[in-house]
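Open the model in your viewer and keep the selection tool at hand. The tour below goes from one stop to the next.

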Amino acid sequence: MQSRAPETPPSRTGRTEHPGTPGHPGRPDPPDRSPGPGALPPDAPGPALPARYYTDPATASAEARHVFGRSWQLVCHESDLPGPGARLAATVADREVLVVRTEDGGLAAHLNVCRHRGTRLVTAPEPVGKAIRCPYHGWTYRLDGTLVGAPEARQIPCLDKPSLGLFPARVESFLGFVFVNLDLDAVPLAESCAGLAKAVGHYADADLVPVGRARIHDVAGAEVQEANWKVAVDNYLEGYHVPVAHPGLMRLLDYQGYTCETEESYALFASPLRDKPSSNWAERLYQRIAAPMPGLGEADRRVWRYAVIYPNTLIDFYPDHVLAWTAIPTAVDRVAVPGAFYTRRGTGLRTRLARRLNIHIGWITNDEDAQLVARVQKGLSTPGFEPGPLSRRESAVGWFAGRIRADLDRAGT
């Protein structure tokens, strides 16, 4: 369902809870039109981003360095790296990374480029392998990135193996999902998202198994939507549009019971299912048979939860499955949305049937949202347009705008 003033970054310690559903970057923003002498009401969401943040190529370039290049990026699930030597390539910022399962069962990440002549080391997922070997000239690296061999090494006068290891990146498993950060000094995800792990950790871990063929790291095979990546994230961050744009969700979810909680690094939403039977047969059947996966309790049976890990990781936590996906810009007005469905081993027939119904309902919602974000992107390009004030039901949109502004302001863009 799918900002603060520029000089005021989001709080690093405070939590906010809200009822309800969820040009050139250096140019000054339009004046605050809120009541009073330039001040927002105390309970008002922060302002939305100016239109140029969604349409300006210079902003997109700055985001690659200062947003994506310094944040944790979802690349896969641990099940995609089943054993020592397994490796795959994934997109992080404007670079490609190589993620591997090390011999001790841990994880390592490197830029996917040979230190010799810049050859791309891995193009397709590989399930095993004791080393990483360049397909061009055969330079060979340990799984930890150390250069261990080069054919005819005596013919390379300046070969200094210790200084020619693969370029490293940070890697971390969180809720069983693998994240990479190009910033080697980044705060651990487990630290910045500790509250999220506490709230939804019982849904997801390394033991989840994928459903279907889609994979998070498969950007080439992903759906591409005709909008800036932030338009897609904004759409996910609020349910204000549900009564108008998603009749199926309106029949299924208790709109008045939708809640939103924002922390510095994530936003978490929850919505109970309606008790009233839907008039649609698939939705009505889902309401009737909804059953939790192993590891979930009765309290999880009739609630849908959603999370955004800043800036572009989106995870749906349903009673019957978990959907994890990410928003990767392919142009200033295009976004790829690769993702995958997951479930737990031992899931019963009733839960499997509920999952199929839920995914069916989800694809309908996805198609509705794809049309919506394309229309928003077109409108944002209208000369002279600037967004109006946000609803309290769009509080997380204001949170997200504040984070984007703070990241770009710190970079001086």
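Which backbone atom does the side chain of Ser391 reach? This is a predicted model, and in it the Ser391 side chain comes to 2.9 Å from the backbone nitrogen of Arg393.

Stay on Ser391 and show the helices on either side. Ser391 sits in the loop that runs between α9 (349–380) and α10 (395–410). Is Ser391 buried or exposed? Its relative accessibility is 17%, so Ser391 counts as buried, the limit for buried being under 20%. Now select Pro45 and Tyr240: both are in contact with Ser391, once neighbours within four places in sequence are left aside.

Next, select residues 72–180. An unreviewed UniProt entry annotates this span as "domain: Rieske". Colour the span by secondary structure: residues 72–180 are 38% strand and 0% helix.

Move on to the largest nonpolar core, which has 70 residues. Select Leu237, Phe269, Tyr286, Trp304 and Ile404, the members that touch the most other members. Then select α10, which gives the most to this core, with seven residues.

For the last stop, centre on Trp304 and show what surrounds it. Not counting residues up to four places away in sequence, Trp304 touches a list of residues including Leu249, Leu252, Leu253, Phe269 and Tyr286. Phe317, Tyr318, Pro319 and Asn358 are also among the residues Trp304 touches.

Definitions and conventions: Residues are numbered from 1 along each chain as its sequence is written. This is a predicted model: local features need pLDDT of at least 70, side-chain atom pairs count only at pLDDT 80 or more; totals for chains, interfaces and linings use all residues. Side-chain values use heavy atoms; hydrogens and water are left out. Helices (H or I, at least four residues) and strands (E, at least two) are DSSP runs, numbered from the N terminus. Buried means under 20% relative accessible area, exposed over 50%, partly exposed in between (1.4 Å probe, protein chains only). A polar contact is a pair of N or O atoms within 3.5 Å; within protein, one must be able to donate a hydrogen and the other to accept it, and residues adjacent in sequence count only if both atoms are side-chain atoms. Contact means heavy atoms within 4.5 Å. UniProt positions are given in the numbering used here, feature names are shortened, and annotations may be inferred rather than shown by experiment. A nonpolar core is a set of buried Ala, Val, Leu, Ile, Met, Phe, Trp, Tyr and Cys residues joined through side-chain atoms within 4.5 Å.
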